[in-house]
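Please look at the aromatic side chains in the structure shown here, and at their surroundings.

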Amino acid sequence: MKISEGDTIPQVTLAKATENGPEQVDSREYFAGRKVALFAVPGAFTPTCSAKHLPGFAEKADELKAKGIDEIACISVNDAFVMGAWQKADGSKDVTMLADGNGDFAEAVGLTMDGSSFGMGQRSQRYSMLVDDGQVRKLNVEKPGDFSVSSAEYMLGQL
């Protein structure tokens, strides 16, 4: 079942890309007590994700924080090493990279997609989510192949 506005973030273990390597993160602890602008992408280094999604949130980080966002996080069904490399390639320290290596979070929120025809297996759909103290306040799920409601600009308009 797909997560909805008002629902609580499910508890799964993610990995955070850090300078010292992967760090385990409990999803409920991560989202507790703060406002997080979370955006999900099908894969690191994929065309729309690298050209528009991640750069958009990096460029709008100051504006998002000025509107009450405590943290900006990107989640993808990739391992922490790939997410860390993507962050270094993008150059933004304003976005926390969360690895959902096994797709547990994507499955728990009911937002998976089958990328098998592209050799990618099960991945996350493209979406953005405003999470306030562990509760979903806004959920913006893209239609397949689209990029409009999960952008940083769209989220800024919701704040």
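Is Phe-31 buried or exposed? Phe-31 is buried, because its relative accessible area is 1%, where buried means under 20%, exposed over 50% and partly exposed in between, with a 1.4 Å probe and protein chains only. The model is predicted, so local features need pLDDT of at least 70 and side-chain atom pairs count only at pLDDT 80 or more, whereas totals for chains, interfaces and linings use all residues. Residues are numbered from 1 along each chain as its sequence is written, and side-chain values use heavy atoms, with hydrogens and water left out.

**Aromatic pairs**
- The structure holds two aromatic pairs, a pair being rings of Phe, Tyr and Trp (its six-membered ring) with centres within 6.5 Å, stacked if the planes are under 30 degrees apart, edge-to-face if over 60 and tilted for the rest.
- Tyr-30 and Phe-31 form an edge-to-face pair, because their ring centres lie 5.0 Å apart and their planes stand at 85 degrees.
- Phe-39 and Phe-57 are stacked, because their ring centres are 4.1 Å apart and their planes are at 5 degrees.
- This pair links distant parts of the chain, with Phe-39 in strand S3 (residues 35-41) and Phe-57 in helix H2 (residues 47-59), 18 residues apart; helices (H or I, at least four residues) and strands (E, at least two) are DSSP runs, numbered from the N terminus.

**Burial and surroundings**
- Tyr-30 counts as buried at 6% relative accessibility, and both Phe-39 and Phe-57 are buried.
- Arg-34 lies over the face of Tyr-30, at 4.4 Å from the ring centre, the criterion being NZ of Lys or CZ of Arg within 6 Å of the ring centre and within 35 degrees of the ring normal.
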